[in-house]
Amino acid sequence: MRRIPKRLVVQGAGIIGLEYSLIFKKLGAESVIVVDIFDKVVPMLDVSLQKACKAVMRNHDIEFVMKSKFQHVEAGEGSTDQ
């Protein structure tokens, strides 16, 4: 990757997905959206920790789309892979 994308979708609201989301947001991505098939972030954690993690991410303007999955992904104009 030669540059940080302006918009980014991360699959998975587990620990690794949330880490990548926050890293890219702090590196300058304007929009980061986390998509997960489940209805909770980091489902392996206690409910209070789940809420705290989600609050931290929302404070960094990271959005969530829960109970969803990807159907199709394609590179748009200006993508980092072009």
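The structure is a predicted model, and its chain averages a pLDDT of 91, with 95% of the residues scoring at least 70. Two residues other than glycine, Asp-61 and Lys-67, carry a positive phi, and a lysine charge is placed over a phenylalanine ring.

**Confidence by element**

- Among the elements of the protein chain, the lowest mean pLDDT, 93, belongs to strand β1, which spans residues 7-11.
- The highest mean pLDDT among these elements is 97, and it is found for β3.

**Positive phi values**

- As background, most residues other than glycine have a negative phi.
- Asp-61, which is not a glycine, has a positive phi near 60°, and this residue lies in the loop that runs between α2 (47-59) and β3 (62-66).
- Asp-61 counts as exposed because its relative accessibility is 54%, where the cut-off for that class is over 50%.
- Lys-67 is likewise not a glycine, and its phi is positive at about 55°, while its place in the chain is the segment after β3.
- With a relative accessibility of 63%, Lys-67 therefore also falls in the exposed class, for which the value must be over 50%.

**Aromatic rings and charge**

- The charged end of Lys-54 sits over the ring of Phe-64, at 5.3 Å from the centre of that ring.

Key. Residues numbered from 1 in each chain as written. Predicted model: local features only at pLDDT ≥ 70, side-chain atom pairs only at ≥ 80, totals over all residues. Heavy atoms only, no water. Helix = DSSP H or I, 4+ residues; strand = E, 2+ residues; numbered from the N terminus. Buried < 20%, exposed > 50% of the residue type's maximum accessible area, 1.4 Å probe, protein only. Lys NZ or Arg CZ within 6 Å of the ring centre and 35° of its normal. pLDDT = per-residue confidence, 0-100.
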